[in-house]
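Trainee: Please take a close look at one part for me: the charged side chains. After that, carry on to whatever else the side chains do.

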Amino acid sequence: GAFYRVPLTHIIGTDGMGLYQIAYPIYSFLVLLSSAGLPTAISKLVAERIVSGDYRGAHRVFQVAFQVLAVMGIASTAFLAALSYPLAVAVGDARAMLSLLCLSPALLFVSVICAYRGYFQGLQQMVPTALSQIIEQIGKLIFGFALAMVMGKNGVVYAAAGAVLGVSISEAIALVGMIVAYNRHKPQLKKNIRASIRRPK
């Protein structure tokens with residue numbers, strides 16, 4: 001992540017980095033509002049149920065968390081997309097609107113990823129979370145650089161937008177990775193759920 005900004009400055013220039021630095025803190029703030037601390041809370045609830053043998057209850061925690069976080073992600077994505085122009089103007093540069101639009105889908109992807117990460121962490125399965133974080137960083141490097149260079153041919157506004165679009169794409173790929181990991185574990189998860197104790201309603 002730290003390595004990313006140095007060559008990116010050479011690709012999109014200081015003006016482009018200015019637009020990037022306007023858009024990214026707004027995105028980070030909305031991510032903080034919509035998902036901060038939730039993977040830890042989910043993992044705690046899941047782990048408590050696993051310890052008592054209630055795999056069905058643990059999976060139910062995941063399902064509820066997934067639904068809630070998906071709604072929160074959709075809402076935050078819609079909020080950022082709808083208010084991209086006034087937000088860009090408010091922080092001092094209307095040209096950042098395109099960058100904010102390109103970042104908005106990432107809010108949905110990050111929110112849903114939180115549900116998967118919390119579930120796996122509660123199951124003491126740390127590899128999916130670690131791999132998804134690696135995918136995020138590598139994807140940001142590859143797609144961020146490539147799109148910044150390609151889109152940058154149309155000007156600095158598009159160069160900055162390409163860089164942040166790489167963030168959205170990397171989060172989408174990380175989400176696909178989490179879904180793949182979940183599906184790989186699904187047979188064992190179903191087996192555990194079938195053998196799970198049934199708690200009285």
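Mentor: Start at the surface. Lys186, Lys190, Lys191 and Arg194 gather there in a patch of positive charge. Patch members need over 30% relative accessible area and no salt bridge; like charges are joined within 9 Å, and nonpolar side chains (Val, Leu, Ile, Met, Phe, Trp, Tyr) within 5 Å. Lys and Arg count as positive, Asp and Glu as negative; His and the chain ends are not counted. Each charge is placed at NZ of Lys, CZ of Arg, CG of Asp or CD of Glu. Accessible areas come from the Shrake-Rupley method with a 1.4 Å probe, and for residues only the protein chains shown count as cover.

The model is predicted: local features need pLDDT of at least 70, side-chain atom pairs count only at pLDDT 80 or more, and totals for chains, interfaces and linings use all residues. Residues are numbered from 1 along each chain as its sequence is written, and side-chain values use heavy atoms, with hydrogens and water left out.

Lysine 190 sits in helix H7 (residues 156-194). Helices (H or I, at least four residues) and strands (E, at least two) are DSSP runs, numbered from the N terminus. Lysine 190 counts as partly exposed because its relative accessibility is 44%. The classes are buried under 20%, exposed over 50%, and partly exposed in between (1.4 Å probe, protein chains only).

Now the paired charges. Side chains of opposite charge can pair when their charged atoms come close. The whole structure holds four salt bridges. The criterion is a side-chain nitrogen of Lys or Arg within 4 Å of a carboxyl oxygen of Asp or Glu. One of them joins arginine 95 to aspartate 15, at 3.1 Å from N to O. Arginine 95 lies in the loop between helix H4 (84-90) and helix H5 (97-122), and aspartate 15 in helix H1 (residues 2-35), so this pair ties together parts 80 residues apart in sequence. Both ends are partly exposed: arginine 95 at 33% relative accessibility, aspartate 15 at 37%.

Arginine 95 also bridges to aspartate 93, with the closest N and O atoms 2.8 Å apart. Aspartate 93 is buried, at 17%.

Next, arginine 117 and glutamate 136 form a salt bridge, their closest N and O atoms 2.8 Å apart. Arginine 117 is in helix H5 and glutamate 136 in helix H6 (residues 127-151), so the bridge ties together parts 19 residues apart in sequence. Arginine 117 is buried at 12% relative accessibility, and glutamate 136 is buried with a relative accessible area of 12%. As for shared partners, Asp15, Asp93 and Arg95 are joined into one network by their salt bridges.

Then the rings. Phe, Tyr and Trp (its six-membered ring) pair if ring centres lie within 6.5 Å; planes under 30 degrees apart are stacked, over 60 edge-to-face, the rest tilted. That rule gives ten aromatic pairs. Among them, tyrosine 20 and tyrosine 24 are stacked, 5.5 Å centre to centre with 10° between the planes. These two tyrosines, tyrosine 20 and tyrosine 24, are four residues apart in helix H1, about one helical turn. Tyrosine 20 is buried at 1%; tyrosine 24 is buried at 17%.

Phenylalanine 62 and tyrosine 119 have ring centres 4.7 Å apart and planes at 20°, so they too are stacked. This pair links distant parts of the chain: phenylalanine 62 is in helix H3 (residues 55-82) and tyrosine 119 in helix H5, 57 residues apart. Both phenylalanine 62 and tyrosine 119 are buried. Ring pairs link Phe62, Phe66, Tyr116, Tyr119, Phe120 and Tyr182 into a cluster.
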